Structure formats: C-alpha cells, structure tokens
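User: I'd like to learn how to read aromatic contacts and surface patches in a model. Can we walk through one together?

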Amino acid sequence: CTEMGAPLSTWPWENLGIYKYLLYGPFVAKVVYEWFYNEEHSYYNLSWCLHLLILSGLRGLIHVLWGSYSHMLFLTRNRRILQQGVDFKQIDKEWDWDNFLILQTLVASMACYVFPFLQHLPIWNIKGLFVTLILHVGVSEPLFYWVHKKFHGDYLFTHYHSLHHSSPVPESFTAGHATLLEHLILTVVIGIPILGTSMMGYGSASLTYVYVLIFDFLRCLGHGNVEIFPHQLFEKFQFLRYVIYTPTYHSLHHSDKDTNFCLFMPLFDALGGTLNKKSWQTHKTLSSGSGNGDRVPYFVFLAHIVDVSSCMHVQFVLRSFASLPYTTRLFLVIGWPVAFLVLLAMWVWSKTFLVSFYNLRGRLHQTWVVPRCGFQYFLPFATDGINKQIELAILRADKIGVKVISLAALNKNESLNGGGKLFVDKHPNLRVRVVHGNTLTAAVILNEIPQDVKEVFLTGATSKLGRAIALYLCQKKVKVLVGRVRKGTNRTNALRATMQMLTLSTDRFQRIQKEAPLEYQSYLVQVTKYQAAQNCKTWIVGKWITPREQYWAPRGTHFHQFVVPPILPFRRDCTYGDLAAMRLPEDVEGLGCCEYTMDRGVVHACHAGGVVHSLEGWSHHEVGAIDVNRIDLVWEAALKHGLRPVSHSKRN
C-alpha cells in the first residue's frame, strides 16, 4: 500500500466517514434556492449545480451496476478473468471508492466559476462530438499513457500508485480506488476534451454527459474482471485491437505491471513498445471460455431465500451491504416492490443458481440458492415444487462431481423431505454426499449450555434437533471437551440436567424417552404448559414462541434457539442466542459476503457441518435422524479443522 506522509496521497475528508457527503450540501442548497426564487423553470434552464449532482449520481450508478454484473456469478462465472473471490479486506480497502466523484464535482464547480460560459452551455451541438473525439485521442490518451507510465516508477508507485494495485481482484470499484494526486491528474485528463470543446464554442450539456459517462463506463469495463468482448470480433476487424481495450487487456496490466499502460486505446502501448504480447491470445482463451479454469466445487451449501428484504443481501445487489451482517436499511424498503416482483418471476422461471463462493485449502466451496422464499416452504401446494428444485440441484451436483452438498434450514425440513432422506432413498447411487448438518448444529447448541445447568426447558423436542439434544443431555457419562472452547474449563462430569420437554404428544415423548438408557429416562420430564418453566433460566427454543409465552421465563433467562425464523428478542431482562453458527478457519480465501445475520467469516452450523464432512472426507450421507453418538465426534472434527464456536448472545 502507499506510504503515509507523501503529499496528496490522502483525501481531505478521509476521517469524515459518511459525513463526507455533506460536501454536496452547497450544491443542493443552490438548486433549492434557484428553484424557489428563479422564475424560469424548464428543462432548458436547469441549474449547473443540478447538472453536477445528476452527473455525479449517474457516474456512481455506473460503477455500482458494473460491480453488480461482475458478481452475477450465474451469468459470468465462465468468463471471469481472475478466479479468486473478492474478500472482506479488499472491500474495506475500497470502501471509499467514490471519493473521486466528490473531488471532480468540486473541481467542476470551480471551473464553472472560472469559465462562466460553462454555466450556459446549449443542450446539444453535433460539431462538439468530433472536436471532443479529436481532443481525447490527440491529448487525453497520450497524456494518460505518459503519466501512467511515470506512476510506475519507483517513487511514484511506492508512494501513490501501489494503492490502486493493492486490490488482488480488479473490479469497477477498483477504478475509483486511488490517491488524491492520481485523481487530480485524471480530472485534468477527463476535463481537457470537455473544456477545450467548450472554449472553441462547440460545447454542450449533452456532450458533457455522454463523454463523462462513457469515460467511466470504459474504466469500469477495464476493471470488471469479466470478459465481454468475443474474440471473433477482433479477429474479423483487427484494427479494433488498437482502438479499444478489453477487461483481459487491462487485467494483464494489473498482473504484469510493466505493460498495457493505455487509457482505453492499445494503440499507444503499441507505439510505446509496452503492449503485452500475450494480450490477444489471453483474450481469445478467456472469451471462448476454454481457459478460465471453471473448477468443479468440492462442497456446495444449498441455501434458500429467507424473506423479500433479505434477498437483496447479496453481492450482485450491493457488495458493501452484503459484506456486513444483514440488518434492515432504508433502501431495502425502496427496493422491496422490485425485489418482490423478481421473486415472483423466479418462482415461475428460475432454477437453483450460484450466488457466492470461497476457497478453503485449495478446494472450491460454493453457495447455491433455491429460488424460493421462506414463506413458500409453508404453503402446502408449493412443497412438491421446492423438493423438485432441491432434487435437481442434488442431481446436478452429483453429475458435475461435487463431493458434499449441505442443505440449509428449510431445505431439510422434516415435513418437506425428512431432512434430505427423501432424495437419498430415491437415488441410492448418489456419489455426492447429502448432509443436513444437524449433528454439528446440535453440538454447537449443547456446547453453549453452561456446565452448572441443572434444569433445561426445551421446545420443539420432537424435532430431529430437539430429540438429539434431549437424549444427549440426559446421559450422565457423555464427555464434552469444553476446554477447547472455553479457556480453562473441562467437562469431566456430564450434564445431569432435568429435561423439561414441552410437547402435547405423549406418544412422541415416550418414543424419545425409550431411546434413552433406562437409568436416565427419569431425567426427561414431559410438560404441557409454559408455566412449568417459570423457574428455569435455560430455555432451548426449537419451536417459535410468542412474546407472551416468553414472559413465563424468569428474569435472567437465556434463550438458546434453533428455530427458523429466530424468535423476537422481546424480553429486556433476558438474553437471546442467535442461530447456531461457527467461524470458518482462518485460512479461508476469497470470502467477501456475510451469511444473513452472521458476522464476517461466520456461517450457520448446517453450513459448517457440510464443511466438516468434506474436510474429513466422510463417505456417508447425513440425512434423517441425528446419530447422538456422533455429536462429540463431529464437534471434535470441527475444532480439529480450525472451525471455532462463536457467541451471539445479546440483550434486547
């Protein structure tokens, strides 16, 4: 990265955070003032301040849309240039990519005062198009080439340009990620054609919009990491190779820093002797899809959409938003109608698609999404369609050679497909291992329970997870090595907890009770009302409970839970655990998005369970009922491979 202290290497508003956008305030104030006090209100008399604001917004939108397109892996995965993912470190580093928009808006406003004729440009002047093109090719292109080459010298690269090259995977936001000095120079490069054309009397507002937006579009294209030009175009019209660069061409500049310096026209690299000889062959290889290394994932997590708002928590909507745990934001409300219509369209036409990926120890891990929303899983007429989507995803994974596929919460619902057992029974020759991940989920919940607990209140006890938790807790000689989780602790004594199981079905309760060793069956007690737990401070919630039902818990109760969606944290005098989750190993690579409300690097336990299954190389399916005897084994395997438990306890 750049060395601190170099002149013009940092931004004046670097420490303002989101308040940097207040620098647009004077422009907004002037627009509002002119709107109320200027008698002429027409399209042809728009304030130059309004033009600058609109132009800044459109430029930002171009970068965002290019970033979204780059992350539409279901469309672009076969044409990605660099296969590694964009991680949190790069996203944070490029967080203030839009600083240049503020800078160039301020510089443009000063230019409007220095050159008053810029405030009164006509709407259109066709002659200006040719003048601008001449100035761009004759001045801006060679100027940028020369300056860019100078910035690759030792001093300027170390103190300035290395910041831009510090991003491992170029994206549209990388185009704006540079120092103040570099963007001041780029402002001159982009301003020469506009100012020169206007000074000659051929300038226009439309020309300014067109030139600036095309300029940004091409810069985003070059940094997009997705090849969009077919190689046949350049083979048929070979002169185009020197007229317009491609994403592959500029990507070679980021990997081989001594070549391909041009702005948009490789002609100047050819004239300067800096054209990378591999440019055309590499472009042909990538654009044809034959050399992009479309690897088969070793592990797939088959997720689903939770609700309409959270479906926008993906990288191809907004990278920065997806890199943070999901929370409700204002723009989600604005985008809700569009998202809802998209979900309806997906219900009719879409199939399971790739949404994100990361690498772990040389193996590709992907997340596929079933295009169904949470509420649809509870519609009786929708279950067959959902199972069909899941089945097709499993068969596709089996066909391409995936080793393990793990099912997310509702995709393994007992009433839907018996925790995945339906598919394994239907296709007994599956090579891909189908995993529900509930064994590790149970282990995470059990290891969150304090050692001194004597009484536990459990809802949802007749579910797979509830049954496993109940049977595990009632066995007195089970060893759980908590010392690896909580410093200095050692569970040599098993939890001798009395399990209060809330269930109205006596038959189900008795079946579970009979599964426990005879001497521990007395530790399972059936209750039918929440009042029975009014003195129990450890609640394990596997069935959704209302705020009114939560009131039966005493003050200081902690709610562990494995219910989807999570219960509302209504009690102010209690604490609430999040859904069971684990932190991925530290050597994970290319991870740049959060899994729903989880923190960075944290995944749901069912996801982590599939990761452990793949790392261990287990050859069995994990579907249907949980094998209680394997809970400790899976937990130990998770810790051995570097996965770590996380504490999500929170007070309302």
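**Reading rings and patches**

Analyst: Let's start in helix H2 (residues 48-70), where tryptophan 66 and tyrosine 69 both lie, 3 residues apart, about one turn of the helix. Keep in mind that this is a predicted model.

User: How many aromatic pairs does a search of the whole structure find?

Analyst: The search finds 29 aromatic pairs. Tryptophan 66 and tyrosine 69 form one that is edge-to-face, at 5.9 Å centre to centre with 80 degrees between the planes. Planes over 60 degrees apart count as edge-to-face, so that's how to read such an angle.

User: Is tryptophan 66 buried or exposed?

Analyst: Under 20% relative accessible area means buried. Tryptophan 66 has 9%, so it counts as buried. Tyrosine 69 has 22% and therefore counts as partly exposed.

User: Which residues do ring pairs link into a cluster?

Analyst: Phe457, Tyr530, Trp539, Phe559 and Tyr576 are linked that way.

User: And where do charged ends sit over rings?

Analyst: Look at arginine 396, whose charged end sits over the ring of tryptophan 368, 4.3 Å from its centre. Arginine 630 does this with the ring of tryptophan 618, at 4.8 Å from the centre.

User: Which residues form a nonpolar patch on the surface?

Analyst: Val28, Val32, Tyr33, Trp35, Phe36 and Tyr37 do, with about 760 Å² of accessible area together. Valine 28 is found in helix H1 (residues 25-37), and its 41% relative accessibility is why it counts as partly exposed.

Notes: Residues are numbered from 1 along each chain as its sequence is written. This is a predicted model: local features need pLDDT of at least 70, side-chain atom pairs count only at pLDDT 80 or more; totals for chains, interfaces and linings use all residues. Side-chain values use heavy atoms; hydrogens and water are left out. Patches are made of residues with over 30% relative accessible area and no salt bridge: like charges are joined within 9 Å, nonpolar side chains (Val, Leu, Ile, Met, Phe, Trp, Tyr) within 5 Å. Accessible areas come from the Shrake-Rupley method with a 1.4 Å probe; for residues, only the protein chains shown count as cover. A salt bridge is a side-chain nitrogen of Lys or Arg within 4 Å of a carboxyl oxygen of Asp or Glu. Helices (H or I, at least four residues) and strands (E, at least two) are DSSP runs, numbered from the N terminus. Buried means under 20% relative accessible area, exposed over 50%, partly exposed in between (1.4 Å probe, protein chains only). Rings of Phe, Tyr and Trp (its six-membered ring) pair if their centres lie within 6.5 Å; planes under 30 degrees apart count as stacked, over 60 as edge-to-face and the rest as tilted. A charge sits over a ring if NZ of Lys or CZ of Arg is within 6 Å of the ring centre and within 35 degrees of the ring normal.
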